[in-house]
Amino acid sequence: MKVDVVVIGAGQAGLSAGFHLARRGFVPVGTGTGEPTFAILDAGSGPGGAWRHRWESLRMSTVNGIFDLPDFPKPPIDPCEPSRDAVPRYFADFEAHSELPIRRPVTVTAVRRVDDDHDGDLRVETSAGTWTARAIINATGTFNNPVLPEYPGHDRFLGRQLHSRDYVDADAFTGQQVGVVGGGISALQQLAEISRVATVHWYTRREPVFLDGDFRPEVEGRETIAKVTADVVAGRPLSSVVSYTGLLWTPYAIDAAGRGALDRRPMFTALEPGGVREADGSFTALDTVLWATGYRADLKHLDPLGLRNELGGIAVDGTRVRDEPRVHLIGFGPSASTVGANRAGRGAAREVARRL
Ligand SMILES: Cc1cc2nc3c(=O)[nH]c(=O)nc-3n(C[C@H](O)[C@H](O)[C@H](O)COP(=O)(O)OP(=O)(O)OC[C@H]3O[C@@H](n4cnc5c(N)ncnc54)[C@H](O)[C@@H]3O)c2cc1C
């Protein structure tokens, strides 16, 4: 099928891009008479993007804050409601209201150049056929690309290992010895919960950095975005989110610290069948290792385009890939937040409309 623009992914970023393409006169593929066309392909089986997969105990009161989708304020939501229910419901209402041409479940498996040049079309191969597009706006998030570091002996450990993406709630850990690895917000939230019912050992590579005060969007927020933007403009690979933002003394963090649960240890050196070998050479018996080690941008399907440089990064100006102007990355780098995703969707739609 031929289309002018394919948006890949229908999370916050993809929905924003679709909304702004429609606002700029793009029409759903297969309709219209001469207007530029677009389609949104989403691998999910329903609305919500990564929010469909958040753990059950991540409530609306404990998320960092979810920015409204364009021109569609969130309705009042019970702060105790799990975000994985409330946000997908809100996204579903937005999709119905905006009548965006979303096709799901459709997974994009590869994007290739039709000819070996940088002017022609792109071929978008999917689980439901092949599309030919003049530009793509990639909004595939990070959920399907969890970071799982390999430590010596990782395959010899006889206990349970899981990534924080597979965490449901603390009940499964009751009475156990649990190693939580990672220094980000997910690690802290899940550690705080598990430490109520289990003995937790917290491992991070570096000493966690807690901010002294609040995270003020106009101060710390701007500084964070400036740092991440500098990295993507220079084409440097991105570091973990927490290395840019630091951690906040949220109520759950203060509570966990008060219970002595934030006694951080340096990273262990190896896993052994019954536990881990500590940095000082001693042994700690563990039943479970929870790898709360974050995510990276999920861009495997773009590999055939060879966008990465020798550093392993992708140089991006605004939302446009510097060496491949037909490709925009949104929800990526400085726009990997709900507010950033909204703005990047608008920016990418504007750029694509201008270029086409
Ligand atoms: C635990 C956790 C909590 C967070 N809390 C907050 C918060 O409170 N506030 C905030 O601003 N940010 C938060 N974030 C960051 C948050 O994920 C982003 O802000 C935002 O939700 C990401 O939106 P997105 O559209 O970029 O990606 P996603 O929501 O991940 O959407 C990507 C979509 O692309 C689809 N997709 C992926 N690969 C393909 C493919 N190959 N083909 C087709 N479709 C594909 C997926 O199915 C999905 O629907 C949090 C992140 C995590 C991990």
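I began with two phenylalanines: Phe72 is buried, and so is Phe94 (buried means under 20% relative accessible area, exposed over 50%, partly exposed in between, with a 1.4 Å probe and protein chains only).

A note on the source: this is a predicted model, where local features need pLDDT of at least 70, side-chain atom pairs count only at pLDDT 80 or more, and totals for chains, interfaces and linings use all residues. Residues are numbered from 1 along each chain as its sequence is written, and side-chain values use heavy atoms, leaving out hydrogens and water.

Next I looked up ring pairs. I found twelve aromatic pairs in the structure (rings of Phe, Tyr and Trp, the last by its six-membered ring, pair if their centres lie within 6.5 Å; planes under 30 degrees apart count as stacked, over 60 as edge-to-face and the rest as tilted). Phe72 and Phe94 make an edge-to-face pair, with 5.6 Å centre to centre and 75 degrees between the planes. I also noted one aromatic cluster, formed by Phe19, Phe72, Tyr90, Phe91 and Phe94.

How are the rings of Phe210 and Trp249 paired? They are stacked, at 4.0 Å centre to centre with 15 degrees between the planes. Phe210 counts as buried because its relative accessibility is 18%, while Trp249 counts as partly exposed because its value is 40%.

Last, I checked charges over rings (NZ of Lys or CZ of Arg within 6 Å of the ring centre and within 35 degrees of the ring normal). Arg54 lies over the face of Trp51, 4.2 Å from the ring centre. I saw that the charged end of Arg165 sits over the ring of Phe143, at 4.3 Å from its centre.
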